[in-house]
Amino acid sequence: MEFSRKFHAIEALISAIFLLGFLGSSVAERRAVSHATSTISFPALNCRKHNAVLTDFGGVGDGKTSNTQAFKAAIANLSQLAADGGAQLIVPPGKWLTGSFNLTSHFTLFVHKDAVILGAQDESEWPLLPILPSYGRGRDAPGGRFSSLIFGTNLTDAVITGNNGTIDGQGAYWWKKFKENKLTETRPYLIEIMYSNQVQISNLTLVNSPSWNVHPVYSSDVIIQHLTILAPVDSPNTDGIDPDSCTNTRIEDSFVVSGDDCIAVKSGWDQYGTKFNMPTKHLVIRRFTCISPDSATIALGSEMSGGIQDVRAEDIAAINTQSGVRIKTAVGRGAYVKDIYVRRMKMTTMKYVFWMTGSYGSHPDPGFDPSALPIIKGINYKDIVADNVTYSARLEGIEKDPFTDICISNVNIKLTTKPKELQWNCTDVQGVSNRVIPDPCNLLPEKEIDCPFPEDRLPIEDVKLKTCSVSLSSDNSYLLYS
Ligand SMILES: *[C@@H]1O[C@H](CO)[C@@H](O)[C@H](O)[C@H]1NC(C)=O
Ligand SMILES: *[C@@H]1O[C@H](CO)[C@@H](O)[C@H](O)[C@H]1NC(C)=O
Ligand SMILES: *[C@@H]1O[C@H](CO)[C@@H](O)[C@H](O)[C@H]1NC(C)=O
Ligand SMILES: *[C@@H]1O[C@H](CO)[C@@H](O)[C@H](O)[C@H]1NC(C)=O
Ligand SMILES: *[C@@H]1O[C@H](CO)[C@@H](O)[C@H](O)[C@H]1NC(C)=O
Ligand SMILES: *[C@@H]1O[C@H](CO)[C@@H](O)[C@H](O)[C@H]1NC(C)=O
Ligand SMILES: *[C@@H]1O[C@H](CO)[C@@H](O)[C@H](O)[C@H]1NC(C)=O
């Protein structure tokens, strides 16, 4: 922390000059002096007592030098301060190439708006992790999986934020390998936080992830807000945000353009998910915008074998997207998707507004239980408008295992110039509808009803963030202690 200490001294000097200026001289001089620092305020679960900058640990922001060791050394060092008010690590302006690194508890990673963290393309920079127990194998290959670029496990109180700094996974390398069928391990994600509680991921731009972008798994009390997530719409499996076997999660004020589902709610895969038995529940998604021409705005599944319950989505926009809130399941997946509430969605240029799939075939291996039928029940949609739509609904339940208690009310769908003739294609579903245009299928008979949306608040909605700050020198390159 040599530089910081030096600047601490300089800051003292500046303060002294400021004081002299204040006592003796003009307003103009005073203003010049006060420009010597820039203070950025930001909301976080907790503020930290200690600060450091990546350059204190030998970081080089030239876009070419690997910073993996700098990140590891910084976080190892700062982890010693967890019990003494915690620490924050500032990634200053520059291009910071790095392989995977691990976060620590009571810690904030702050990425400055002119900083770009670049994912290394050298595979030796990405350690392999064991497969997720609730999946039984990797998604891309049966073997292990590369650690995500930013990884954390068994943490309490971890914050990844910035004032719109960028994390660029440089995913093209991995997408090519995937498309050429050359992967022997599963591609890394951009951010994965496992077995943790009190997690915040906010005010960042995430681009070109090798695979999923944000994967909180086996975690609770997770706040994700103000993210901009960008990937080419034809990039493989670049899901935006995937809460997976998580309790109490709040996703808000975010925008995703991607090659896969903008949000995919998950809880493990077939017999492995059943055995691990950890649902995703108490999830709030609000003020969220999606563009994904070949995927869903919000997918529930397909990996749902630990169960998905109590999802509340509101004020959602979708543009040029394949479907709205889509359920994906199949025989063999077991568990349930229930108590799902969606209101105030606005969609433009959609293939499907409503889509439920009971035959989502992909299984981890032939060992799934063919008698494990999923229970899909209590699915509520209301106050929805959609424009330029090809199919209003494709609701496909499972034979002898219908999807029940579906409620759809106050929906106005305008069709494309070339709509499909069968607008509501319903099989093995049961429910009701009210004030829906065009007329729903006869499996959803009309009933005077306003579909429910819970009136209580979830505890995660009441978590208030504190106002924290970071002070940098006026050129934003060095930290000043305050
Ligand atoms: C890491 O932490 C120790 C205190 O535990 C401190 O003395 C040392 O200077 C730090 N290292 C760096 C590179 O800042
Ligand atoms: C991060 O932690 C995991 C689990 O402890 C470990 O397997 C992995 O090697 C660590 N990654 C890095 C980059 O140190
Ligand atoms: C993390 O927590 C999980 C679940 O409690 C536990 O099984 C695992 O051993 C822990 N890992 C570490 C590195 O502490
Ligand atoms: C975080 O993003 C929101 C929405 O764009 C913005 O209002 C807020 O100022 C941002 N915070 C920081 C620290 O940049
Ligand atoms: C953050 O940066 C991205 C990429 O440059 C941009 O699209 C987005 O509008 C920015 N967000 C804010 C709040 O400035
Ligand atoms: C309407 O949707 C069609 C695809 O069905 C698309 O080609 C067309 O551009 C959309 N029109 C508008 C005005 O967005
Ligand atoms: C209706 O849905 C069923 C089941 O998903 C499908 O097999 C069938 O082809 C669909 N029919 C039309 C006309 O789209």
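This is a predicted model: local features need pLDDT of at least 70, side-chain atom pairs count only at pLDDT 80 or more; totals for chains, interfaces and linings use all residues.
Visitor: Which residue in E16 stands opposite Met194?

Guide: Opposite Met194 stands Val217, which belongs to E16. Residues are numbered from 1 along each chain as its sequence is written, chains are lettered from A and ligands numbered from 1 in the order in which they are written, and side-chain values use heavy atoms, with hydrogens and water left out.

Visitor: What makes strand E14 and E16 a pair?

Guide: Two strands (DSSP runs of at least two residues, as helices are of at least four, numbered from the N terminus) pair if DSSP finds at least two bridges between them. Strand E14, residues 191-194, has four bridges to E16 in the parallel sense, and therefore the two count as paired. They belong to an open sheet of four strands in the order E6-E11-E14-E16, with parallel pairing.

Visitor: What makes strand E6 and strand E16 the edge strands?

Guide: Each of them, E6 at 101-102 and E16 at 214-217, pairs on one side only.

Visitor: How do you know that Cys47 and Cys468 are joined by a disulfide?

Guide: A disulfide is called when two cysteine sulfur atoms lie within 2.5 Å, and the S to S distance of Cys47 and Cys468 is 2.1 Å, so the pair meets the rule. The angle about their S-S bond is -85 degrees, a left-handed link. The bond connects distant parts of the chain, 421 residues apart, with Cys47 in the loop between strand E1 (37-44) and strand E2 (50-53), and Cys468 in strand E29 (residues 466-473).

Visitor: Why is Cys47 called partly exposed?

Guide: Buried means under 20% relative accessible area and exposed over 50%, with partly exposed in between (1.4 Å probe, protein chains only). Cys47 has 34% relative accessibility, so its value falls in the range between and it counts as partly exposed. Cys468, its partner in the disulfide, has 3% and therefore counts as buried.

Visitor: What makes the link of Cys262 and Cys290 right-handed, and are its two ends buried or exposed?

Guide: The angle about the S-S bond of Cys262 and Cys290 is 75 degrees, and the link is right-handed. It ties the loop between E18 and strand E19 (263-265), where Cys262 sits, to strand E20 (residues 280-291), which holds Cys290, 28 residues apart. Cys262 is buried because its relative accessible area is 0%, and Cys290, also at 0%, is buried on the same rule.

Visitor: Why is the disulfide of Cys407 and Cys451 called left-handed?

Guide: The torsion about its S-S bond is about -85 degrees, so the disulfide is left-handed. Cys407 lies in strand E26 (residues 403-415), while Cys451 is in the loop between strand E28 (429-437) and E29, 44 residues apart. Both cysteines are buried.

Visitor: How many disulfides does the rule give, and which cysteine is in no disulfide?

Guide: The count comes to four, and with bonded cysteines counted along the chain, the pattern is 1-8, 2-3, 4-7, 5-6. Cys246 is in no disulfide, because the nearest cysteine sulfur, that of Cys262, is 19 Å away, and the rule asks for 2.5 Å.

Visitor: Why is Asn248 called buried?

Guide: Its relative accessible area is 13%, so it falls under the 20% limit. Asn248 belongs to strand E18 (residues 247-257). Beyond its neighbours within four places in sequence, its contacts (heavy atoms within 4.5 Å) include Ser220, Asp221, Lys281, His282 and Pro459.

Visitor: Where is pLDDT under 50, and which element has the lowest mean?

Guide: Residues 1-35 stay under 50, and helix H2 (residues 27-34) has the lowest mean among the elements, 36, whereas E19 has the highest, 99. For the protein, the mean is 92, and 91% of residues reach 70 or more.

Visitor: What is the area buried between domain 1 and domain 2?

Guide: Their bounds, 1-199 + 461-482 and 261-362 + 370-451, come from an automatic or database domain assignment. Nine residues of domain 1 and eleven residues of domain 2 take part in the contact. The buried area (the accessible area, with a 1.4 Å probe, that two parts lose on being put together, summed over both) is about 890 Å², 57% of it from carbon and sulfur atoms. In domain 1, Ser134, Tyr135 and Glu461 lose the most, together 59% of what that side buries.

How values were computed. pLDDT is the predictor's confidence in each residue, from 0 to 100.
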